[in-house]
Amino acid sequence: MNQPSVIKSAEKNARQKSQLDDQFDNNWLAQTRKDIAADLIGVLAVDENSHPDLLYGVKAFLPSARACVVLGMEYASETMNLIKHPAKYSGAVKTGDLLAPHVNQLTIEIDQANSKLVKILRELGYRSLALPSRGLPLRPGEIKASLSFAHVAEAAGMGTIGTHSLLITPEFGTRTRLACLLTEAPLKTTRRMDPVDDCTHCLDCVKICPVGAISSPVPGARYQVDAMRCKFYREKVDNCGLCQKICSYATGHSETTDGPVIATDAFQQSLADYVRLDTSGWEE
Ligand code: SF4
Ligand code: SF4
């Protein structure tokens with residue numbers, strides 16, 4: 001049987017916890033975003049009705065999590081403007097090589113912001129786990145992330161997933177790097193007052209992919225991407241980023257300094273054909 005003093009202490013703890021739980025409103029979230037120096041923040045609460053993909057990630061990493069927080073950091077448009085189709089680099093400086101170091105730096109910054117937020121939540125007494133911006137384990141036997149940050153971000157009202165399967169945010173378009181954390185803190189799902197579908201379905205990303213990794217989605221599907229083809233190309237041939245860049249133009253989220261990239265079907269090449277590219281049909 002519980003002693004009266006033990007009951008009082010439990011009641012006090014529950015009261016303190018409940019006061020803490022109440023503080024997680026939008027003001028707290030907005031201030032916290034500034035404190036940890038993230039460009040964007042969104043939340044998706046976890047419950048039994050959550051999307052199976054989210055529940056999969058939660059079960060894998062922190063089964064007691066009550067919310068998933070997504071952080072976003074802006075890619076510089078100046079760097080993205082320097083990405084060009086590989087054929088344009090013949091005899092010219094390969095300016096797109098600046099993308100990799102830029103992404104590395106953003107990865108460090110967003111992971112630091114994520115760690116800061118985890119620290120804040122843990123100091124408040126909530127178990128929390130930062131998931132890295134890069135290098136999240138894949139599902140066994142699949143080329144599929146154990147948790148798709150883009151899908152969580154979309155459900156948290158941070159943007160729309162486009163035909164290239166990337167998140168397009170109203171603030172930065174595809175120039176948005178993401179990281180997530182799982183926490184036992186009872187944060188509520190964020191919603192946009194003015195949700196917009198930023199994908200214009202122009203199919204420019206489909207047309208520009210040098211290896212045909214993006215297909216025009218079949219009816220009922222939102223995107224169709226051959227992840228293996230894209231991964232292979234990016235790792236073995238080029239850093240790429242062409243679908244991100246062209247979408248930035250298509251959705252008005254980036255200016256251009258090197259002339260617009262015009263997507264044409266002539267850009268599409270099979271991976272096997274890549275080494276035999278005929279550039280004669282390409283447009284500036
Ligand atoms: S390039 Fe066009 S179709 Fe592709 S994701 Fe962007 S807006 Fe959508
Ligand atoms: S990053 Fe390049 S290879 Fe990958 S889908 Fe986009 S355009 Fe295609």
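Visitor: Which residues is His-164 in contact with, leaving aside its neighbours within four places in sequence?

Guide: In this predicted model, His-164 is in contact with Cys-205, Ile-214, Tyr-223, Val-225, Cys-243 and Cys-247, once neighbours within four places in sequence are set aside.

Visitor: And is His-164 buried or exposed?

Guide: His-164 is buried, because 25 other C-beta atoms lie within 10 Å, and the cut-off for a buried residue is 20 or more.

Visitor: Turning to ligand 1, which residues come nearest?

Guide: There are 14 residues around ligand 1, and those that come nearest are Gly-162, Cys-199, Cys-202, Cys-205 and Cys-247. H9 gives the most, with 3 residues.

Visitor: How do the residues of that shell divide?

Guide: The shell around ligand 1 has 7 nonpolar residues, 6 polar and 1 charged.

Visitor: Now the sheet: in what order do its strands come?

Guide: The 4 strands of this open sheet follow the order S1-S2-S6-S3, with antiparallel pairing. Strand S1 (40–45) and strand S3 (128–131) are at the edges; each has a single partner strand, so one side of each has no neighbour in the sheet. From one strand to the next, the twist averages 20°.

Visitor: How many bridges are there between S2 and S6?

Guide: Strand S2 (residues 67–74) and strand S6 (residues 176–183) pair over 8 bridges. Leu-71 stands opposite Ala-179 in S6.

Conventions
Residues numbered from 1 in each chain as written. Chains lettered and ligands numbered in written order. Predicted model: local features only at pLDDT ≥ 70, side-chain atom pairs only at ≥ 80, totals over all residues. Near = placed C-beta within 6 Å. Helix = DSSP H or I, 4+ residues; strand = E, 2+ residues; numbered from the N terminus. Nonpolar A, V, L, I, M, F, W, Y, C, P; charged D, E, K, R; others polar. Buried ≥ 20, exposed ≤ 12 C-beta atoms within 10 Å, placed from the backbone. Contact = placed C-beta atoms within 7 Å. Pairing = 2+ DSSP bridges. Axes fitted to C-alpha atoms, helices over the stretch in contact; angles between N-to-C directions.
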